Amino acid sequence: MVRFAFERISDHLAAEVLLADGSDTAGWSTADIAEEMARRLPAADLAKKSIKGYRLRTLLESLAVAAPERVGVELPEIAEAMKRTDPTLDDRSLEWAITAPWLRGLLQRESSSFTDRTRQLLADLILGADLDAPAALPDRLRGEAISQALLLTIHPDRPLGHGWLHGLLASKGMAQRDRLWTAQIRGHHGSRRGRRSPYQPLLDWARTAPSAVLNVGVDGTTTVARLAAEALLWALPSPDRFLRDAATRALVALTPHDREVVPALLQLAAGVDDGYVTERVLAVAYAAITMRTVEPAPVAAALRAFVEQAGVPVHVLARDYVASAVNHLAEALPEHADVAYLRETSLPPYPANWPGQLGLPDFDQLKAEYPRFRADADTISAGSGLDDERKKEAVTTGWGQVIGSLDKMGDFHSYVMHVDRPYWYRLGAQRIDDTRDTPLTGFDPSVLPGWIFARVLELGWTPQAFGEVDADISHFDRGRTSHKEERFGKKYQWLAWHEALARLSGTHKLRDRDHGEREAPYEGAWQLDARDFDPTHLLDRPRPIDVRWWRELWQIRPLTAEGTVTPDVATDDGPVLVTAAENASEQRAWWLPIPQVVHPAVPLDQDPVVRLSLWATDPADLRDLSDFLVVDAALGHWPTTHSAPRRPGRRYRILSGYRHLIPQRTDRNTTHADLTASIDGVLIRREDLSALQAWTGEEDLDGFSLDVSFTDEMYLGEWPTAAVYRANTVADFRPERWTDAIGTDSLGLGVPAIVMTERYCWEGSILDCSLAATLNVHILTAAPAALFPGLHHRNGSGITVDGQLLHLDPEPWPGNDGGLLIDEALLASALEREGLVLLQIIRQSKHVNTPDGDHRFAGSVTQTRLIGSVGAEHLCDLTRTHIHPPRLDDGSVDLTVSPA
């Protein structure tokens, strides 16, 4: 059913009269029918704001739906006939009076009314009339055509036909497709220019649509989820990192709804000649494997088919995703034939193919052949000050945008290739086939700018094709930060760079991280600091307590007239079940609800540093926090909803948590008291409990040992068994097995102790533009994780081999500090088996923050309490207090500072 507003009924009745029942034009050609419809329309000037013009425009909107359904004629065909009968009609008037209504009407029409002519008209609007035209700035009408095409692609009735969008785009080469399609899908949610990508409605919908919609079967061969994945695939070529990263996460989010999403994507990507698409489709496949949203055997078969058709990608990140996926599959299917094939073909060592057919081009020679500016260009410099025409000439005739990035002082030269810092390279100068036993020396990166430039040329970037668009992108996204929409030239540079790293890592020896003269085996892109995006989680979205944010997504217009549902906001049936009662304090309070205390009073006539020093060295008012060590909550829903529990359930021990108990100061020029409380968990042997009593507490525990993070190196889904994680285990710091810690004392407790938590950290201000802020997720360290064979990670939670929730970070969102809770009963079972004890360490610390320039120390007190347990069994409880006396006579302080 198509619904119309009351005041528009007359327009549709008029359209019905105009079309009659189609009997009077039966047997006519499409052109003759269009001519007849144009003749019957009332005369009016579409460009003028008149009653007649308005009525004609609204009638045409009605015809956009009715004409193709009744008489098989498209509105643009009627428009062409109108132009022949009325030469005064200009293209601009027709564009908005004809094309825009026609596009809107596509979603309201019967699917049976779509013809090859309909599809061709839509394709012409999307790609433009001239397939050889350079990339153009985003056009509103073309953007609307793309948006409608995306929504029609996921329509269960498939009005565009099977694989229409993919067929339209995959048939083009990468450079041509980037000119005609990718340049038009730019934009991201929250853009400074307010320009949203045509993909934005689909991106939001794919992350929030209920399973009842995504799981809908389509003609017995596919699902809505799979159709949405096919549409999202074509956001991946974009150099707009915000769009590309959001599309990748949306694809990962679709994988639980249909286990065939990943095999379908791999099949489609195998025939696409764009490394950006290949890389991210393989990233989605790897994420689905680590998150266990696909069955291992079918995805192994799909990966094998991909490798057989497309080969192992010569792209360091794409190849890394394949290898990581194969290693995970090998754990699940050690004897499977497809996995055996993949292990043989897709794991290191890789073929030695540097520098390949390009050889080693000379950068200076290439710059002479492809100059920054055309020799006769009317330009005085590459900087500002040029008028628009001269600036356009400069960027569309010269190669300065790429040369400037690759040459000295360029961002790619300095911060990606590190040409001026060869010590950065872990790759050695010696090739793998060099059998001499000599110390390794560093690879000479000075050959890279020439190779990268030559490869950019070979891939198809030219200033004539992309110069104007790239200049527009650079104008609005200045600076050297990578957290931005990037130029097309930069896309081609990244493709060349990642190919170069892939070739080099198969040809040259890898130097050991700690001993550069020694060789180490190459295992993955993490050893080259090449990773830029972690696909193995869906923790990029804000915390679920922001109800308005979630409702905003539900308020987008329906994607189809019949094939989807309009969400019922009143029942809040989205993927996150929250209520308006939840707020930030409640979300934090449910797991560590330590009440805050008021700031100590300071008389106005006293020096606040001196006054607060009395408070800072007095432990008498430190509270007993032992009641906060255990959380009783029903958390079975947590891995999917991340919403605060409403009722008790199982008991969870806190292994990591931190709070400021006095609100933090906002003015650095004031004196402010600070009271902090932290909870940490460590493992000790039961037999060491008596020796622990001798600990005096005179020396503070090593805070660094209790707070360690992996930053921008390990994917969350690789924890806890992947090589990148195991490479960072050290017996006396982060042992791989608890027995490795015997004989060590990393914390200074006088007994071997294993810290139980660490932080996965992925920075939100650099390459991953799906993160609004840095993401910290607390996880178990290697030794505690090894107590639970088969343990794996899912969106901030540790899941046992039999599917039970073992531990979770209660605040796993960008910009949050979070903590770690662990199931008390499951942990107790493992501890009893191994003869271990959980030691929860409560530390409270008082200190005073002095104003900038005031170097006095007001003293501090630190109270450390050690509570040992196995399940509900209480084994030890000892408290040590250490007071640091004040130093109030520091000669560097200005004693004339007025008291606050």
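Where is Pro349 found? Pro349 sits in the loop between helix 18 (337–346) and helix 19 (363–369); helices here are DSSP runs of H or I with at least four residues, strands are E runs of at least two, and both are numbered from the N terminus. Before going further, note that this is a predicted model, in which local features need pLDDT of at least 70 and side-chain atom pairs count only at pLDDT 80 or more, while totals for chains, interfaces and linings use all residues. Residues are numbered from 1 along each chain as its sequence is written, and side-chain values use heavy atoms, leaving out hydrogens and water.

Back to that loop. Pro348 and Pro349 are joined by a cis peptide bond, with omega about 0°. Pro355 also has its place in the loop between helix 18 and helix 19, and the peptide bond from Trp354 to Pro355 is cis, with omega near 0°.

Next come residues with a positive phi. Met409, not a glycine, has phi of about 75° and belongs to the loop between helix 21 (400–406) and helix 22 (411–416). His418, also not a glycine, has phi near 50° and lies in the loop between helix 22 and strand 3. Met409 is exposed at 64% relative accessible area, whereas His418 is buried at 11%; buried means under 20%, exposed over 50%, and partly exposed in between, using a 1.4 Å probe and protein chains only.

Finally, look at Ser446, in the loop between strand 3 (427–431) and helix 23 (448–459). Ser446 is partly exposed, at 45%. Its C-alpha atom is 9.3 Å from that of Phe363, 83 residues away along the chain.
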